[in-house]
Amino acid sequence: MTFDEARAQFPVCRQFAYLNAGSAGPLPRAAVDAARESLERDLREGRSGKGYIEEIIEQRERIRGAIAAVLGTKAELVALTESTTRGCQIVIAGLGLGADDEVVTSAEEHFGLLGPLQGSGARVVVAEADEEGLLAAVTPRTRLIAVSHVLWTTGRRLDLARLRRSDGPPVLVDGAQSAGAIPVDLAGADFYTVSAQKWLCGPDPTGALFVRDPERLRVMLPSAFSPQSHESDGSFVPKGGARRFDSGWIGAPTLAGLEAALGVHPEWRYDAAAEAAARCRELVVPLADVVTPAGHSTLVSFHPPGDAAELVAALAEQGVIVRQVPPRNLVRASCGWWTSDDDLRRLAAGLGG
């Protein structure tokens, strides 16, 4: 598949320089066609029957396998969720954290992670967003290190292997800005979340959760997919592997769209995305204060000469879609494997280049 053929899958790219996959990726035509076909079938034939349910279960398993391939792991270690936030909730609840425990996180995390941490009742220790600062904050009371692989603010990539130690606490990784954008090595993670609507270009709400050792995490937020069997009082035997953590029903049209989206990514996607980010950085550095370290991710965040919100709005009027990162006065451009040089030149032109 050539670059032009691959990019043509995204109709939004015909009109816009779409540089906001860090919020929501562009939808491929195949995903919308598949979702529409599934929805039309539901309209004609209804949403019930043994065959209907069995087909959805089979589709969930195919999607589980496809996401496992993205993460480089086994399907039985992957749960299907609605979002990264839901994955974080599943892990934090399952660990049974309480007031006597500490969790270490960084000063650059999204509320999708911070909110569940605060809700756990544990003491949340906020450290500098680097490996040394995070490790220095760990004490004998630390039950969890919870960080992003790629920081949603600055685009800095953390070295997870340095954080996860054999004698240390488990590591929960927010993979919202990494899964599907850069190659993932799970060696540094005990838990790793996926936002499938971002870099994997799936519909909302879709996501996943990697659990290294499912037997060591309690099922505290059970769904209808959790039990292998259950009693009339609700007591249950959980399914094997991470399937016990599947967070609930995802409708057939959404599943169809996600499965189709997972099938459009070319083998060269990571190299192309990295090249686009490097080119974006090259064009923006003379025009703004870029804070993303070179080669770290597919995000390029920068302080504009003026107000970030005003610049984002002005760029949108010119057909260039980026986002503001409040309250840091940052503008963030997301570079995918579908990003063209013309997209990036349009961004530079909007910055006055």
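This is a predicted model: local features need pLDDT of at least 70, side-chain atom pairs count only at pLDDT 80 or more; totals for chains, interfaces and linings use all residues.
## Strands and the helix across them

One part of the model is an open sheet of 4 strands, arranged in the order 11-12-15-14 with antiparallel pairing. Its edges are formed by strand 11 (289–290) and strand 14 (323–325), each of which pairs on one side only. Strand 12, made of residues 299–303, is joined to strand 15, made of residues 330–334, by 4 bridges, and the two run antiparallel; within this pairing, leucine 299 has serine 334 of strand 15 as its bridge partner. Helix 10, which covers residues 269–284, lies across strand 11, strand 12 and strand 15, and runs at about 15° to strand 12.

Elsewhere, strands pair in the parallel sense. Strand 5 (residues 142–148) and strand 6 run parallel and are joined by 4 bridges, with valine 147 having valine 173 as its bridge partner in strand 6. Strand 6 also pairs with strand 7 (residues 191–195), again in the parallel sense, over 2 bridges, and here leucine 172 stands opposite phenylalanine 191 of strand 7. In strand 6 itself, residues 171–174, Val171 and Val173 point one way while Leu172 and Asp174 point the other way, and all are buried.

A search of the whole structure finds 2 cavities of 30 Å³ or more.

| Space | Volume | Lining by class |
|---|---|---|
| Largest cavity | about 50 Å³ | 5 nonpolar, 1 polar and 3 charged residues |
| Second largest cavity | about 30 Å³ | 6 nonpolar, 2 polar and no charged residues |
| Largest pocket | about 380 Å³ | 6 nonpolar, 2 polar and 7 charged residues |

The largest cavity is lined by Ile90, Arg218, Val219, Met220, Leu221, Ser226, Arg244, Phe245 and Asp246. The lining of the second largest cavity consists of Ile63, Ile67, Leu80, Thr81, Gly207, Ile250, Leu255 and Leu258, and at least two of its residues come from each of helix 4 (50–71), strand 2 (78–81) and helix 9 (252–262).

Helix 9 is itself mostly covered, since 10 of its 11 residues are buried. Among these buried residues are Leu255 and Leu258, which also belong to the lining of the second largest cavity. The cover over the buried residues of helix 9 includes helix 3 (29–45) and helix 4.

The largest pocket is lined by 15 residues, of which Pro169, Pro170, Asp190, Phe191 and Arg216 are the closest to its centre. One of these, Phe191, is the residue of strand 7 that stands opposite leucine 172.

## Loops and backbone features

Serine 83 lies in the loop that connects strand 2 with helix 5 (84–94). Its relative accessible area is 22%, so serine 83 is partly exposed. Leaving aside residues up to four places away in sequence, serine 83 touches Val194, Thr206 and Gly207, and Gly207 is also one of the residues lining the second largest cavity. Between the C-alpha atoms of serine 83 and serine 166, which stand 83 residues apart along the chain, the separation is 29 Å.

Most residues other than glycine have a negative phi, and most peptide bonds are trans.

In the loop between strand 7 and strand 8 (207–211) lies proline 205, and the peptide bond leading from aspartate 204 to proline 205 is cis, with omega near -15°. Cysteine 201 is placed in the loop between strand 7 and strand 8 as well, and has a positive phi of about 65° although it is not a glycine. Because its relative accessible area is 0%, cysteine 201 counts as buried.

The loop between strand 14 and strand 15 contains proline 327, and the peptide bond from proline 326 to proline 327 is cis, with omega near -5°. Asparagine 329 is likewise found in the loop between strand 14 and strand 15; its phi is near 55°, a positive value in a residue other than glycine. With a relative accessible area of 27%, asparagine 329 is partly exposed, whereas cysteine 201 is buried.

Note on methods:
Residues are numbered from 1 along each chain as its sequence is written. Side-chain values use heavy atoms; hydrogens and water are left out. Two strands pair if DSSP finds at least two bridges between them. Contact means heavy atoms within 4.5 Å. Axes are lines fitted to C-alpha atoms, for helices over the stretch in contact, and angles run from 0 to 180 degrees between N-to-C directions. On a 1 Å grid over the protein atoms alone, a cavity is a set of points where a 1.4 Å probe fits but cannot get out, and a pocket is an open set with protein on both sides within 12 Å along at least five of seven lines; lining residues have an atom within 4 Å of a point. Grid points are joined across faces, edges and corners, and a volume is the space filled by probe spheres set on the points. Ala, Val, Leu, Ile, Met, Phe, Trp, Tyr, Cys and Pro count as nonpolar, Asp, Glu, Lys and Arg as charged, and the others, Gly among them, as polar. Buried means under 20% relative accessible area, exposed over 50%, partly exposed in between (1.4 Å probe, protein chains only).
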